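Please look at the sequence and the model before reading on.

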Amino acid sequence: MTVLEQPGSYRPAPPPAWQPRTDPAPLLPDAEPYRLLGTDAAAGLDTALLKRLYGQLVRGRRYNGQATALTRQGRLAVYPSSTGQEACQVAAGVVLEERDWLFPSYRDTLATVVRGLDPVQALTLLRGDWHTGYDPHEHRIAPLCTPLATQLPHAVGLAHAARLKGDDVVALAMVGDGGTSEGDFHEALNFAAVWKAPVVFFVQNNGFAISVPLAKQTAAPSFAHKAVGYGMPGRLVDGNDVAAVHQVLSEAVRRARGGAGPTLVEALTYRIDAHTNADDATRYRTDSEVEAWRAHDPIDLLERELTGRKLIDEAGMRAEREAAERLAADLRERMNQDPALDPMDLFTHVYAEQTAQLREQADRLRAELAAAGESGTQEGAQR
C-alpha cells in the first residue's frame with residue numbers, strides 16, 4: 001500500500017503535466033485524403049497556377065526518364081526516380097518563397113530543379129562528383145540527404161534560428177515513409193512542436209521503404225495521425241493531385257510563417273519505378289499493383305481537368321512536351337561531358353578555415369601530384 005492509498009491520506013490535485021495540454025480534435029487529419037481535381041472545388045482554382053503546375057509535371061516526368069537513362073549509360077552512379085510522385089515534387093518546389101529553405105531527401109532532385117536548381121547540379125552528388133554539387137545558401141536548398149531523415153532536425157534548427165533572429169523564413173522538410181521510422185523523425189517533430197518552429201514536414205508515402213511495405217512499417221491509421229502525438233496538426237492529401245498538394249502545403253507554409261508552428265503533411269502517392277536502378281521491385285510487388293496506380297497518374301489527372309475545362313488544347317500540351325524534350329536534351333548533352341576533376345577539391349569547402357591536419361594532408365597530396373607530373377614529363381621526353 002502506497003502513502004496515497006492509505007485511508008485519510010492527503011490526495012493532491014494532479015499536476016498540470018497530467019492533464020491534456022491541447023484539444024487533440026483539431027490536430028487530427030481527415031479520414032479521407034484531401035482532393036481537388038475532378039471535384040466541384042476545382043472550378044475555383046487559379047488557371048495560371050494549374051497551367052504552370054502542368055508544365056512542371058510534364059518536364060518532371062521527362063527529367064526522371066532522362067536521369068534513369070543516364071544511369072544505364074554509366075553517367076550516374078545511382079538514381080532514385082520520383083516517377084509517379086511528380087505532383088509532390090512539383091508542389092514542394094513551387095510553394096516556397098525565395099527566402100525560404102527546402103530540405104530534400106535523396107529522392108527529391110526534381111523538387112530542387114523545380115525550385116530553380118540547375119538539373120546538372122542537382123545530379124552531381126548522384127554522379128559521384130565532389131561535395132553537394134551546388135551552394136546550399138545560394139539556392140536555399142539544403143544538401144540532398146542520403147541518410148534517412150537526418151535533414152529533419154537540421155530543418156528545425158534552421159527555422160528556429162531564423163525565428164530567433166527575426167527572419168521571416170519557413171523550412172519545408174521532405175521525407176519518405178521509411179524515414180518516419182528513424183529517431184531523427186521523432187526528435188525533429190518533438191523539438192519543432194515545443195518550439196513552434198516554422199517548419200512543414202512533408203511525408204511522401206509511396207507505399208514502400210525500399211522493399212518493406214507500409215503495413216510492416218507502422219500500425220498507425222496514417223502517418224498524418226502521428227502529428228497529434230507531438231501537438232501539431234496532421235493533414236492527409238492525395239499525393240497525385242498536384243492542386244490539392246499545393247493547396248495543403250501552401251496553407252501549412254502560411255500557418256508556419258504566421259507563428260502557429262509546424263504541420264505534418266502526408267501525401268499518399270506511389271513509386272512507379274524501382275527504389276533505385278539497383279533495385280528489383282518485382283521481388284516485392286506485383287505488376288497489377290503498379291498498373292492500378294498508373295491509372296491515377298498525376299499528369300493524367302491534371303490533364304483531364306485542363307482539357308475538360310478547355311483550359312488547354314493539343315497544341316498547348318505539345319508545347320509542354322517539346323519543352324520537356326529540350327530540357328532532357330540539354331541535360332543529356334551536359335551530363336555526357338566528362339567533368340574536369342581536381343584532386344585538391346578534396347580539401348575544398350570542408351571547413352571555412354582548414355585545420356592544421358588538413359593543411360598537412362593537402363601539402364602532401366600537392367607534392368605527390370607534382371612528383372607524378374614530373375615523372376610523366378620525363379617518361380614522355382625519353383620516348
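## The sheet

An open sheet is built from five strands, ordered β1-β2-β3-β7-β6, with parallel pairing. Strands (E, at least two residues) and helices (H or I, at least four residues) are DSSP runs, numbered from the N terminus; two strands pair if DSSP finds at least two bridges between them. At the edges are β1 (101-103) and β6 (234-238), each pairing on one side only. On average, neighbouring strands of the sheet are turned by 20° against each other, direction ignored. Such angles run from 0 to 180 degrees between N-to-C directions, and the axes are lines fitted to C-alpha atoms, for helices over the stretch in contact.

This is a predicted model: local features need pLDDT of at least 70, side-chain atom pairs count only at pLDDT 80 or more, and totals for chains, interfaces and linings use all residues. Residues are numbered from 1 along each chain as its sequence is written, and side-chain values use heavy atoms, leaving out hydrogens and water.

## Strands β2 and β3, and helix α6

Six bridges link β2 (residues 171-176) and β3 (residues 199-205) in the parallel sense. A173 has F201 in β3 as its bridge partner. Helix α6 (residues 151-165) lies across β1, β2 and β3, and runs at about 170° to β2.

## Helix α4

In α4 (residues 119-127), seven of nine residues are buried (under 20% relative accessible area, 1.4 Å probe, protein chains only). Among them are L123 and L126. The buried residues pack against α1 (47-72), α3 (109-114) and α11 (314-335), where contact means heavy atoms within 4.5 Å.

After α4 comes G128, with a positive phi near 95°.

How values were computed: Buried means under 20% relative accessible area, exposed over 50%, partly exposed in between (1.4 Å probe, protein chains only).
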